[in-house]
Amino acid sequence: MKYVSRMIDFFMAISLGIMAILVFLNVVLRYVFSSGITWSVELSQILFMVLVFLGAIQAFKENSHIKVDVLISKVSPVWQKILAICSNVIILIVIIIVFQGSLQLVKENNVMTTPILGIPQSYVYSVGLFLSICIAVLTIGKTIEIFKKTNNQDMSKD
């Protein structure tokens, strides 16, 4: 899993670097030479979407998303585990919906390409499929860890 995480970090860094260079070059070209790179805006938009989706995967993996745990901190550890499992089930349901929507977008836009670069739109929308699969796997793993902790703690009490 560390290898996948490092690959995601690498692609995030590359995306951010390319975006920064393209935007900087485009700004300089527009103000100094009154021209620009026509395809840089489109590529920057695609890279930004990739960056956001990969960042969401990393944030989910590291539990860095914003959350309100006022209720969770006030209940017993057993209820905390029950609420964590319920939360993971809700996350899986939402991720299944995102997966289905992304799959539909990939299918419907299979023949369409981006206006300037000519990249198939299905490639762009497949980032949503990748996001869904990664977060689903992470959620299932987190749920399994909750059950393992519960079983190990229950056994130690006997």
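Trainee: In this predicted model, is Leu 29 buried, partly exposed or exposed?
Mentor: The relative accessible area of Leu 29 is 23%. Buried would require a value under 20% and exposed a value over 50%, so Leu 29, with its 23%, counts as partly exposed.

Trainee: Which residues does Leu 29 touch, leaving out those up to four places away in sequence?
Mentor: Leu 29 is found in helix α1, which covers residues 2-33. Once residues up to four places away in sequence are set aside, the residues that Leu 29 touches are Ser 34, Ser 35, Gly 36 and Ile 37.

Trainee: How far apart in space are Ile 82 and Phe 147, C-alpha to C-alpha?
Mentor: Ile 82 is found in helix α4, residues 77-108, and is partly exposed at 35% relative accessibility. Ile 82 and Phe 147 are separated by 65 residues in sequence, while in space their C-alpha to C-alpha distance is 9.9 Å.

Trainee: Which residues are the closest to the centre of the largest pocket?
Mentor: The largest pocket holds about 810 Å³ of space. It is lined by 22 residues, and of these the closest to its centre are Asn 63, Lys 67, Ala 84, Ser 87 and Asn 88.

Trainee: Which helix supplies the largest share of the lining of the largest pocket?
Mentor: Helices α2 (38-61), α4 and α5 (121-157) each supply at least two residues of that lining. The largest share of the lining, seven residues, comes from α4.

Methods. Residues numbered from 1 in each chain as written. Predicted model: local features only at pLDDT ≥ 70, side-chain atom pairs only at ≥ 80, totals over all residues. Heavy atoms only, no water. Helix = DSSP H or I, 4+ residues; strand = E, 2+ residues; numbered from the N terminus. Buried < 20%, exposed > 50% of the residue type's maximum accessible area, 1.4 Å probe, protein only. Contact = heavy atoms within 4.5 Å. 1 Å grid on protein atoms, 1.4 Å probe; cavity = no way out; pocket = protein on both sides within 12 Å on 5 of 7 lines; lining within 4 Å. Points joined across faces, edges and corners; volume = space filled by probe spheres on them.
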